[in-house]
Amino acid sequence: AAAAATTSQAVTNVTHGRSLVAHDISRAGTFCLGGKLVPLTFLLGCQRCGSNSLYEDIVGSIRGARSGHALRGEPDYYAREQHFYATDSWSRGMGFYADHFPECPGRNAHPQYQFTVDATPAYLRKPIVADRLQATLPGAAQPLLKLVVILRDPALRLYAYWDAFVLSGTGVKNFDNWLKVT
């Protein structure tokens, strides 16, 4: 009941000395931070595991899912993979991160649950991500976090990597030979 109730307050994380902008959790988990619909769902994994396809399926077919967007000067894939919690982008602050996402729905606009997804597979292999999530998200939001992990058979993933990146470049054109020199 508490998670579904609307709360709006400035939150200070004393441990990390960060003052977070006002947040709003309502409609069974819609999460707004600084007026932006910020993710509580994170898609983790590895390259060549199907995370892009899963992201497109979620955004394209689940009611209430809203996509993010790349900011000016960023690569297009930053619309789905912000890399904020795992890179130096962290130093730019939560406002910078939140700017990748749409405006929060108005109180009377859509009574349905709405959410966004940060589909940065690299979060799986960066231990700092868990600490940073905890440092930035208000306590009331943390129980609502959803971490979706997508993995693939390592041998098939390696072959897919070779097929996508090595064959298109100047690398070894024979997979078995490439394995020997890798």
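## A friendly note on this predicted model

1. Let us start with the rings: the count comes to eleven aromatic pairs. To be counted, two rings of Phe, Tyr or Trp (its six-membered ring) must have their centres within 6.5 Å; planes under 30 degrees apart are called stacked, those over 60 edge-to-face, and the rest tilted. One of the pairs joins phenylalanine 84 and tyrosine 85, which sit edge-to-face with 5.0 Å from centre to centre and 80 degrees between the planes. Phenylalanine 84 and tyrosine 85 are both buried, where buried means under 20% relative accessible area, exposed means over 50%, and partly exposed is in between (1.4 Å probe, protein chains only).

2. Before going on, please keep in mind that this is a predicted model, in which local features need pLDDT of at least 70 and side-chain atom pairs count only at pLDDT 80 or more, while totals for chains, interfaces and linings use all residues. Residues are numbered from 1 along each chain as its sequence is written, and side-chain values use heavy atoms, with hydrogens and water left out.

3. Back to the rings. Why is the pair of tyrosine 97 and phenylalanine 101 called edge-to-face? Their ring centres are 5.2 Å apart and their planes stand at 70 degrees, so the pair falls in that class. Tyrosine 97 and phenylalanine 101 are both buried. Ring pairs also link Phe42, Phe84, Tyr85, Trp90, Tyr97, Phe101 and Tyr123 into a cluster.

4. Arginine 92 lies over the face of phenylalanine 96, 4.0 Å from the ring centre. The rule here asks for NZ of Lys or CZ of Arg within 6 Å of the ring centre and within 35 degrees of the ring normal.

5. Now step back to the whole chain. The protein has five helices and eight strands, taken as DSSP runs numbered from the N terminus (helices H or I, at least four residues; strands E, at least two). Starting at the N terminus, the elements run β-β-β-β-β-α-β-α-β-α-β-α-α. Of its 182 residues, 42% count as buried. The accessible surface comes to about 10,100 Å², and 53% of that belongs to carbon and sulfur atoms; such areas come from the Shrake-Rupley method with a 1.4 Å probe, and for residues only the protein chains shown count as cover.

6. Contacts tell you how the chain folds back on itself. With contact meaning heavy atoms within 4.5 Å, 68% of the contacts between residues at least 6 apart in sequence join residues at least 24 apart. Not counting residues up to four places away in sequence, proline 39 touches Phe31, Tyr97, Phe101, Thr116, Val117 and Asp118.

7. Which residue is buried yet has no salt bridge? Aspartate 118, whose nearest side chain of opposite charge, arginine 80, is 9.3 Å away. In this count Lys and Arg are positive, Asp and Glu are negative, and His and the chain ends are not counted. Aspartate 118 belongs to strand 7 (residues 115-118). Leaving aside neighbours within four places in sequence, its contacts include Pro39, Phe42, Tyr85, Tyr97 and Tyr123.

8. How many salt bridges are there? The count is two, with a salt bridge taken as a side-chain nitrogen of Lys or Arg within 4 Å of a carboxyl oxygen of Asp or Glu. Lysine 36 and glutamate 103 form one of them, at 3.0 Å from N to O. This pair links distant parts of the chain, with lysine 36 in strand 4 and glutamate 103 in the loop between helix 2 and strand 7, 67 residues apart. Arginine 80 also forms a salt bridge, with glutamate 81, and their closest N and O atoms are 3.5 Å apart. Arginine 80 is buried at 18% relative accessibility, and glutamate 81 is buried with a relative accessible area of 11%.

9. Please look at the backbone of histidine 83 as well. Most residues other than glycine have a negative phi, but phi of histidine 83 is positive, near 60 degrees. Histidine 83 is in the loop between strand 6 (65-66) and helix 2 (94-98) and is buried, with a relative accessible area of 14%.

10. Finally, find tryptophan 162 in helix 4 (residues 154-166). Tryptophan 162 is buried, with a relative accessible area of 5%. Beyond its neighbours within four places in sequence, tryptophan 162 is in contact with Leu167, Val172, Lys173, Asn174, Phe175 and Trp178.
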